[in-house]
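User: I have a structure here that I have not looked at before. Can you walk me through how it is put together?

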Amino acid sequence: MSDHSVPEPDVSAEHPISEHWVWAGGHRPAVPRALVDAMTSDWAPATPSTDVHPAASHAASRRERLAMAFPGTTLVIPTGNPKVRANDTDYRFRPGTDFFYLTGCVEPDCVLVITPGAGISHATLYVPERRDARTHEFFTDSRYGELWVGARRGVSEAAQYYAIDTAPLEDLAKHLAELRDTKMAIVRGFDAALDASLEASEDDDRLAATLGELRLVKDEFEQRQLEGAVAHTVRGFADVVRALPQALGRSERVIEGVFNLRARVEGNDVGYDTIAASGANATVLHWTRNDGAVRHGDLLLLDAGVECDQLYTADVTRTIPVSGTFTPAQRRIYELVLAAQDAGIAAVAPGADFADPHDAAIRVLAYGLAELGIIDDPEASLRRDRQTHRRYTLHGVSHMLGLDVHDCANARNDLYRGELRAGYVLTVEPGLYFQVNDLSVPEEYRGIGVRIEDDILVTADGSRNLSAALPREPDAIEAWMADQWRLATPNLGL
Ligand SMILES: [Mn+2]
């Protein structure tokens with residue numbers, strides 16, 4: 001017997017709402033209109049916040065500086081859309097870096113548009129309308145509905161918090177169409193629909209480059225954020241040392257998990273996948289599988305950084321003996337890399353060339369490799385047309401650091417690789433990597449990988465090592481590890 005008082009669902013993607021039903025999408029059954037009505041009524045309105053984003057004034061001046069480089073041009077900077085991890089679940093959203101730099105906004109799908117004006121440019125942040133209890137999506141949309149994902153800032157809340165004019169995202173296409181006759185440039189690669197809707201312009205590349213170049217100098221707000229990210233990272237390294245006894249005989253995942261816990265507790269996340277490489281895995285540059293065994297007698301190479309809540313990331317590497325004591329062979333290689341890093345750090349100063357720390361560190365490594373009998377003639381190896389030491393040094397010594405771990409990548413080469421200026425932050429991270437099956441290396445060194453990496457701020461009169469709180473000298477590392485083990489060991493329940 002059927003109940004003829006219940007109408008059949010008569011909704012679809014094309015007609016998502018009817019008198020009796022609301023379409024819920026996918027395999028989900030249609031939702032009764034009566035339930036939607038009940039779910040979207042009798043909610044107290046949220047109290048408007050009076051908070052303003054801590055970097056709002058910095059973001060405004062960044063927008064102004066950017067606009068000055070593009071007179072008469074409309075600039076379109078999207079943040080990007082959620083990315084699918086599996087079927088209907090997304091990765092946690094991380095805003096596009098240039099967009100975030102210019103707004104501080106972390107909501108997905110938003111687009112910043114800067115239009116030229118008479119003398120002064122005008123910025124508008126296009127924001128999706130809220131799916132709060134005034135809309136049926138509040139309950140029927142599990143990706144955006146606020147019942148499912150929590151309240152977010154809509155058009156009016158974003159205007160208040162980011163101190164910028166806002167407009168509904170739904171109006172963007174119409175507004176861009178009205179600007180069709182002006183020159184336009186867009187940051188490509190973030191929003192496929194927008195990319196397709198705007199004609200490619202030679203200013204697109206220049207816009208990306210200019211943003212990379214603006215981001216080279218870190219203002220005081222950014223420097224404080226980087227200092228915070230480094231401080232959290234230092235704590236994460238100490239956490240790892242304290243947890244080492246429990247990692248012994250288990251996998252590098254214990255190391256990764258302990259560090260990443262600190263990253264989530266203190267910051268937004270890790271700034272990049274943690275490299276927790278024990279033993280010969282340390283010779284694999286991008287070892288992020290972290291599923292190898294942690295053994296007594298190994299060196300552990302940990303390359304990890306906390307990304308703070310304002311998305312600036314540290315990038316620090318330490319190579320430490322799992323047992324708490326370096327073997328003589330490990331110490332010999334370690335001290336060589338340390339000497340190279342000292343020479344690299346000493347070369348960081350305003351007016352120096354970007355390549356100076358690299359050249360200084362690599363020179364030390366080449367001479368050290370010759371002393372170890374691994375290469376014959378360091379001066380010959382250092383010649384541009386030989387470079388044989390690179391079999392063991394593998395990578396460059398420095399990159400810029402900021403919102404992206406490899407920051408300012410779109411800056412033009414002559415500026416990125418040009419003169420260092422006060423406010424730049426770069427890593428100095430020489431390493432030596434002796435593959436486990438490298439017959440050109442004495443047997444006692446095979447399987448040893450050492451990298452030491454610090455984050456260096458260029459100051460008006462020299463440089464400051466932001467990560468100096470983490471010991472680098474081998475004796476200091478051994479003493480620091482012993483100190484950590486005297487403290488209570490965290491019980492990971494493993
Ligand atoms: Mn690095």
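This is a predicted model: local features need pLDDT of at least 70, side-chain atom pairs count only at pLDDT 80 or more; totals for chains, interfaces and linings use all residues.

User: Ok, domains. Which ones does the assignment give?

Analyst: The domain assignment gives domain 1, residues 56-214, and domain 2, residues 220-486. Their C-alpha centres lie 35 Å apart.

User: How many residues does the contact take from each?

Analyst: Nine residues come from domain 1 and ten residues from domain 2. On the domain 1 side, helix H3 (97-103) and helix H9 (202-214) each supply at least two residues. The largest share of that side, five residues, comes from H9. By class, the domain 1 side has five nonpolar, three polar and one charged residues.

User: Next, the five-stranded sheet. What is its strand order?

Analyst: The order is E8-E7-E6-E3-E9, in an open sheet with mixed pairing. Strand E8 (165-168) and strand E9 (183-186) are at the edges, and each pairs on one side only. On average, neighbouring strands of this sheet are turned by 25 degrees against each other, direction ignored.

User: Parallel or antiparallel for E7 and E8?

Analyst: Strand E7 (residues 122-127) and E8 pair in the parallel sense, over four bridges. Within that part of the sheet, Tyr126 stands opposite Ala167 in E8.

User: Which strands does H2 touch?

Analyst: H2 packs on the sheet and touches strand E3 (73-78), strand E6 (111-115) and E7. The direction of H2 makes about 55 degrees with that of E6. H9 packs on the sheet as well, touching E3 and E9, and its direction makes about 50 degrees with that of E9.

User: And how do H2 and H9 sit relative to each other?

Analyst: The axes of helix H2 (residues 56-68) and H9 come within 11 Å and cross at roughly 135 degrees. The two helices are therefore oblique to each other. The crossing of H2 and H9 is right-handed.

User: Which residues make that contact?

Analyst: Arg62, Arg65 and Leu66 of H2 make the contact with Thr210, Leu211 and Leu214 of H9. The residues of this contact divide into three nonpolar, one polar and two charged.

User: Switching to the three-stranded sheet. What is the order there?

Analyst: The strands run in the order E11-E12-E14, the sheet is open, and the pairing is antiparallel.

User: Why is one side of E11 and of E14 left without a neighbour?

Analyst: Strand E11 (275-278) and strand E14 (316-321) stand at the edges of the sheet with a single partner strand each, so one side of each has no neighbour in the sheet. The twist averages 10 degrees from one strand to the next.

User: How many bridges join E12 and E14?

Analyst: Strand E12 (residues 299-304) and E14 pair over six bridges, in the antiparallel sense. Along that pairing, Asp303 stands opposite Thr317 in E14.

User: What packs on this sheet?

Analyst: Helix H10 (residues 220-247) packs on the sheet, touching E12 and E14, and its direction makes about 150 degrees with that of E12. Helix H11 (residues 253-266) packs on the sheet too, touching E11 and E12, with its direction at about 35 degrees to that of E12.

User: At what angle do H10 and H11 pack?

Analyst: H10 and H11 pack at an angle of about 145 degrees, with their axes 8 Å apart. The crossing of these two helices is right-handed. Residues of H10 in the contact include His232, Arg235 and Asp239, and those of H11 include Val254, Phe259 and Arg262. By class, the contact of H10 with H11 has eight nonpolar, three polar and four charged residues.

User: One more pair, H12 and H13. Angle and distance?

Analyst: Helix H12 (residues 328-346) and helix H13 (residues 355-371) pack at about 155 degrees, and their axes are 7 Å apart. H12 and H13 are therefore roughly antiparallel to each other. Their crossing is right-handed.

User: What sort of residues meet there?

Analyst: Among them are Leu336, Ala339 and Ile345 in H12, and Pro357, Val364 and Leu365 in H13. The contact of H12 with H13 has eleven nonpolar, four polar and no charged residues.

How values were computed:
Residues are numbered from 1 along each chain as its sequence is written. Two strands pair if DSSP finds at least two bridges between them. Axes are lines fitted to C-alpha atoms, for helices over the stretch in contact, and angles run from 0 to 180 degrees between N-to-C directions. Two residues are in contact if their C-beta atoms, placed from the backbone, lie within 7 Å. Angles under 35 degrees count as roughly parallel, over 145 as roughly antiparallel, 65 to 115 as roughly perpendicular and the rest as oblique. A crossing is left-handed if the near helix is turned anticlockwise from the far one by less than a right angle, and right-handed if clockwise. Ala, Val, Leu, Ile, Met, Phe, Trp, Tyr, Cys and Pro count as nonpolar, Asp, Glu, Lys and Arg as charged, and the others, Gly among them, as polar. Domain bounds come from an automatic or database domain assignment.
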